[in-house]
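Q: I would like to learn how to read the features of a protein model one at a time, beginning with the sheet. Could you take me through them in that way?

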Amino acid sequence: MSATTEKQTHSFQTEVKQLLHLMVHSLYSNKEIFLRELISNAADAADKLRFKALENSELYQGDSDLKIRITTDKDAKTLTISDNGIGMNQTDVIEHLGTIAKSGTADFLSQLTGDQKKDSHLIGQFGVGFYSAFIVADKVTVVTRKAGEQPDQAVIWESAGDGEFTIEEVSKDNRGTDIILHLKDSEEEFLEDFRLKNIIGKYSDHISLPVEMLKVAAPSENEDDAPAAKEFEAVNKATALWTRSKSDISEDEYQEFYKHISHDFQDAITWSHNQVEGKQEYTSLLYIPSKAPYDLWNRDRQRGVKLYVQRVFIMDDAEQFLPIYLRFVRGLLDSNDLPLNVSREILQDSATTQSLRSAMVSRVLKMLEQLAKKDKEKYQEFWNEFGQVLKEGPGEDFANKEKIAKLFRFSSTHSDSDVQNVSIDEYIERMKPEQEKIYYIATESFLAAKNSPHLEVFRKKGVEVLLMSDRIDEWTMSHLQEYSGKQFVSVTQGDLDLGNLEDAEDKKAQEKASEENQGLVERVKSVLDEQVSDVKITMRLTDTPACIVAGEGDMPLQMVKMMQAAGQPVPETKPVFEINPEHALIQLIDGEQDEAQFAEWVDVLFNQAQLAESGQLEDPASFASKLNKLLLKLAK
């Protein structure tokens with residue numbers, strides 16, 4: 001290897017400097033993962049070359065035997081990981097080893113806490129495999145030559161992880177990449193063959209190409225014999241894990257393969273491995289992570305599964321096979337029915353793709369259903385991490401709407417706990433014999449839902465109500481209008497219809513109260529005038545004087561707020577103001593002869609109802625002033 005140009009010095013991207021510091025200081029307790037990450041990157045480089053060579057076989061340059069080699073030099077204290085994959089040119093090196101080519105890096109860094117244990121989990125979610133080399137090395141040298149380029153177009157990259165790196169063009173006989181770790185004095189254990197083989201067996205046995213090390217020759221009995229020629233041997237199984245029988249794969253192997261394809265440092269919660277033959281032939285291996293990635297809520301983030309065709313890697317992040325609401329799923333699909341030259345554009349319009357997508361969605365939903373049945377605790381972990389994303393499903397996947405809803409979990413008045421652990425099926429099992437509908441309330445917070453006056457009549461009658469407080473809930477329910485033949489009904493919208501839960505006596509009492517308080521209703525209407533669409537006597541309240549509800553057919557108040565927050569136009573609607581004639585405060589107001597003071601009381605009650613429903617007022621100062629004025633009058 002000889003230099004062909006002058007050495008250039010560059011500065012790392014700011015985020016890389018921060019991550020290098022974290023790598024060294026946060027992952028010290030699990031040093032050996034650096035080798036897993038570097039071998040995984042080398043395997044990716046081989047996959048990419050195999051894919052590119054489908055169109056241009058000359059990229060192999062006579063060497064199509066792809067492999068990874070691990071060598072050590074105890075005198076120089078170096079460990080080298082070599083591959084003959086796609087390699088890099090100078091532009092690639094600067095892009096991949098000098099910057100972090102991921103959107104949302106700043107958001108990721110803002111989540112770091114300074115707590116080494118917590119930050120190590122975040123680093124795992126972010127996936128910065130190459131930089132893990134600096135956990136054990138005080139200097140890293142990368143020599144690489146891109147497939148298809150000339151020997152003198154190779155590049156050497158070098159850094160001590162101190163904020164700068166150098167680049168120089170050199171000559172390299174073969175394509176691919178050599179990563180040379182100059183180990184710290186305290187890390188010489190990684191020069192020992194048995195230690196390296198143990199790590200490879202633990203983390204990289206599933207890699208689909210051979211990971212080779214020098215074969216240890218048996219000592220010769222004859223001292224005059226010439227030293228045996230160096231010979232490499234594979235120290236891993238070198239068989240694509242997903243092609244093996246499920247019964248032959250251990251749980252540890254499945255977990256390590258997950259970490260290989262996801263670059264996650266934590267175990268997956270569950271997985272599903274399926275080999276299908278018949279009309280379609282494919283293998284899928286799908287995983288559910290245990291922790292949400294930092295950019296989960298970015299719907300434009302790269303997502304999808306690794307796509308293979310007849311064991312040949314085609315692309316990362318093939319998003320065509322899973323809908324956006326399942327963007328947390330990781331894994332791979334290996335199809336025998338797609339062409340090797342398939343592109344993203346072909347996938348978009350392919351009937352085969354649509355069929356595979358349908359099958360993959362079905363697999364994921366079934367996997368989650370089985371997890372919920374077998375291990376409620378693990379399913380609760382999943383729901384806490386990904387439940388809100390799954391709630392996007394009914395609006396995006398009409399065909400599987402009920403299957404998705406079966407997986408939902410909510411809080412409810414059954415326990416009044418803020419833990420979302422009540423399924424809709426459990427709710428239905430507890431329904432009263434005469435109950436026909438599923439009742440729910442959607443608000444901005446759990447406490448607002450739990451303490452809503454709209455629940456008073458339901459608590460009185462012992463009817464369970466689902467408590468929803470995620471921002472997406474109202475949108476979800478607009479697409480999920482029934483489940484198992486039972487209609488969902490918001491307790492905050494329209495005329496309260498309790499169906500068979502109301503007896504004839506209740507209905508007579510409602511009619512009588514409406515008739516007897518018609519004069520009060522008209523007085524209140526005249527005060528609120530343009531602020532409401534109607535004023536009614538209500539039977540839904542027992543302890544609260546008044547409430548507001550959305551009119552029948554109007555957009556729910558929570559949906560209005562959500563759309564306004566997103567800057568979307570919202571049709572103008574006015575709420576219905578309902579008053580409880582049995583409440584002492586309403587009776588007090590009804591007897592007020594001073595119309596000006598009556599109007600102040602009505603305004604205060606209306607503002608109170610608005611606060612209870614939405615938590616905010618357009619003119620809070622006016623509300624406070626009127627309330628203080630009325631309190632002073634009552635105190636006299």
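A: We can begin with pairing: two strands pair if DSSP finds at least two bridges between them. Please keep in mind throughout that this is a predicted model.

Q: With that in hand, how many strands form the sheet, and in what order?

A: Nine strands form an open sheet, whose order is β1-β6-β5-β4-β7-β3-β2-β8-β9 and whose pairing is mixed. From one strand to the next the twist averages 20°.

Q: Which strands stand at the edges?

A: The edges are held by β1 (8-11) and β9 (232-234); each has a single partner strand, so one side of each is left without a neighbour in the sheet.

Q: In which sense do β5 and β6 pair?

A: Strand β5 (residues 154-159) and strand β6 (residues 164-170) pair in the antiparallel sense, over five bridges, and V155 has E169 of β6 as its bridge partner.

Q: Which strands does helix α6 touch where it packs on the sheet?

A: Helix α6 (residues 193-203) touches β2 (68-73), β3 (78-83), β8 and β9, and its direction makes about 170° with that of β8.

Q: How does S245 compare, and where does S245 lie?

A: S245 lies in the loop between β9 and α7 (251-262), and at 34% relative accessibility S245 counts as partly exposed. Its side chain is joined to that of S247 by a polar contact of 3.0 Å, while S245 and Q275, 30 residues apart in sequence, are 8.9 Å apart in space, C-alpha to C-alpha.

Q: What describes two packed helices?

A: Two packed helices are described by the angle between their axes and the distance between the axes. Here helix α9 (residues 351-374) and helix α10 (residues 376-390) pack at about 130°, with their axes 6 Å apart, and the two helices are therefore oblique to each other. On the α9 side the contact is made by L368, L371, A372 and K374, and on the α10 side by K376, K378, Y379 and F382; the residues of this contact divide into five nonpolar, no polar and three charged.

Notes: Residues are numbered from 1 along each chain as its sequence is written. This is a predicted model: local features need pLDDT of at least 70, side-chain atom pairs count only at pLDDT 80 or more; totals for chains, interfaces and linings use all residues. Side-chain values use heavy atoms; hydrogens and water are left out. Axes are lines fitted to C-alpha atoms, for helices over the stretch in contact, and angles run from 0 to 180 degrees between N-to-C directions. Helices (H or I, at least four residues) and strands (E, at least two) are DSSP runs, numbered from the N terminus. Angles under 35 degrees count as roughly parallel, over 145 as roughly antiparallel, 65 to 115 as roughly perpendicular and the rest as oblique. Contact means heavy atoms within 4.5 Å. Ala, Val, Leu, Ile, Met, Phe, Trp, Tyr, Cys and Pro count as nonpolar, Asp, Glu, Lys and Arg as charged, and the others, Gly among them, as polar. Buried means under 20% relative accessible area, exposed over 50%, partly exposed in between (1.4 Å probe, protein chains only). A polar contact is a pair of N or O atoms within 3.5 Å; within protein, one must be able to donate a hydrogen and the other to accept it, and residues adjacent in sequence count only if both atoms are side-chain atoms.
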